[in-house]
Amino acid sequence: MRNTFIRTLEKIAASEDIFLLVGDLGYSVVENFSKNYPSKFLNVGVAEQNMAAIASGIASTSKRVFTYSIANFPTFRAAEQIRNLIDYHSYPVTTVSVGSGLSYGNLGYTHHGVTDLGLMKLFCNHYLYTPFDPDEVAFCVQDITKNSRPSYLRLGKTNEPNLSKQFRYSTYGDWIVRYLTPQRNSRLIIRIANDSNILTRRVNDLHLYDQISIPRWSGTFEDEIFALLTEYEEIIVYENHQYNCGIYSTLKTVYPNMNNMRSLALNSDCLTSVGDEKYLNEKFLNFN
Amino acid sequence: MRCETNTVALAKAARETIIKAIYASKSSHIGSCYSCVDILAVIYGALLKVDDIIKNTIDRDYFVLSKGHAAAALYSILKEVGFDINLEDYGANGSDLMTHASCKVPGVELSSGSLGLGLGHCLGRALANRKDGIDSKVICLLSDGELNEGSNWESFMMASHLKLSNLTIVIDKNNLQSLTTTENTLNLGSLANKFGQFDLEVIDIDGHDHQTLRLAFQKKSALTKVIIANTIKGKGVSFMEDKVEWHYRPPNQGEYREALREIRNA
């Protein structure tokens, strides 16, 4: 996903007034961008608070700025800069976090992006972009540059596969839904996680479920979202994130009586085991 | 009122406006306002192109009050130089005039109040201006107590690294912070030595001397300039000067009248 992100951004940089800041990360990812667009690139060093603050200052001149780092570093470390400088002033800054969920596997808990949405959804002017495959990453980056809102872009780290040939996107206010399968069943899976093995193992009769992804959302809801969900008898929300502060909890907060909705996600315990992403997903992604 | 005005008169008028606003709203931080109001008077009265700020041009000069708790001082100066601000609404119910600097107020570029955020923002502004070939000033005013925040030091390092000569940092060094002196809280030692080690252009001056302030701002340098403005918290009202309590408490009626008398007779 991160390679699709940077390739898409490079194409956009050829014609748009954008800027990329990195927090001394992005080895083997950002080199071409920095070489081809040196006037639109800065490595701020290991200083994520400063990166967010600098981004707000650059964005005050109407440029679209992207800040790039791993998992929790550009988000939690810089939370107040994002809240006060970026979100409150509604500057066009996109905080990009690579390593969603358990992508960074055996690097451990500090590098796991499992609570980031719980933080970023608090920022009322932000769009949240949660692409689940590389095709959606390209779509999201294009969409980001078409609007002036601050935003958060959550990326996987590895070479996640594209999982659907369906490209029907529907916009419901702040929300964009992608229909990954034809709509013909009474059961629905909402997914922002890429790992299909988990779905295969955890969900019986998977072929009887429609699937959608949510490449863009926010804390503002539209009636059409509720109407879409009420078409289904059963809903599973599948996310590589803690269940109690991600997209499931967001939907559950707004629609508390939707008792046919279940969460397939990480529980709220801090992970202590070591392992690669596949191993950790198998062990920790469960129904809650 | 526009640039090249009498900055001493500007500061005097602002001191009166500040105490009226703080007395009426029963709010805090009058001492912090009075330590930096001379600096603000010089910045807006003699340095920045205020007409461009009013027009909100993209190449305008840019000022951020990182010590946002001195908002009453900023609003008062902005009102004096021509912005449409009614200080009678300061801190009032339903007003835009928050008692920490608010971007909803005409002329205020950035909301502040949480310390340690303004400098990084200004650094980004100065960097973007330089890349775009915009020759305008970017000035950030911090307090010395604010330097406790580690985020500032990330910004100092980067300002030095980038040699942003279009950025001027002013430290309102009044030696007091929330509970006691800066020395007893988190001893900063020699700021001049510290900033010098960062390869910043350091100018150490009296922060209430308008002529000295003006010369410091006008000094050319290829480096980012840091003006250490030595000030007195509560400056201009004898019983408030250098007293930590005036970080918090508003004056009572008797103190208000006495302070007004002192300000008008100065």
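In chain A, Y127(A) stands opposite S151(A), a residue of strand β6(A), where helices (H or I, at least four residues) and strands (E, at least two) are DSSP runs numbered from the N terminus. The model is a predicted one, in which local features need pLDDT of at least 70 and side-chain atom pairs count only at pLDDT 80 or more, while totals for chains, interfaces and linings use all residues. Residues are numbered from 1 along each chain as its sequence is written, and chains are lettered from A and ligands numbered from 1 in the order in which they are written.

Strand β5 (residues 127-129) of chain A pairs with β6(A) in the parallel sense over three bridges, two strands being paired if DSSP finds at least two bridges between them. Strand β4 (residues 93-98) of chain A also runs parallel to β6(A), to which five bridges join it, and S97(A) has R154(A) as its bridge partner in β6(A). Together with helix α6 (residues 134-146) of chain A, β5(A) and β6(A) make a right-handed β-α-β unit; a crossover is right-handed if, with the strands pointing away from the viewer, the path from the first strand over the helix to the second runs clockwise.

Strand β6 (residues 151-155) of chain A is mostly covered, five of its five residues being buried. A residue is buried if 20 or more other C-beta atoms, placed from the backbone, lie within 10 Å of its own, exposed if 12 or fewer, and partly exposed in between. In a regular strand the side chains alternate between the two faces of the sheet. On one side of β6(A) the buried residues are S151(A), L153(A) and L155(A), and on the other Y152(A) and R154(A).

Chain A is divided into domain 1 (2-155) and domain 2 (168-287), with bounds from an automatic or database domain assignment. Contact between these domains of chain A involves 26 residues of domain 1 and 29 residues of domain 2, two residues being in contact if their C-beta atoms, placed from the backbone, lie within 7 Å. On the side of domain 1 of chain A that touches domain 2 of chain A, α6(A) gives the most, with four residues.

The largest nonpolar core has 161 residues, such a core being a set of buried Ala, Val, Leu, Ile, Met, Phe, Trp, Tyr and Cys residues joined through C-beta atoms within 7 Å. Its largest share, 12 residues, comes from helix α2 (residues 30-47) of chain B.
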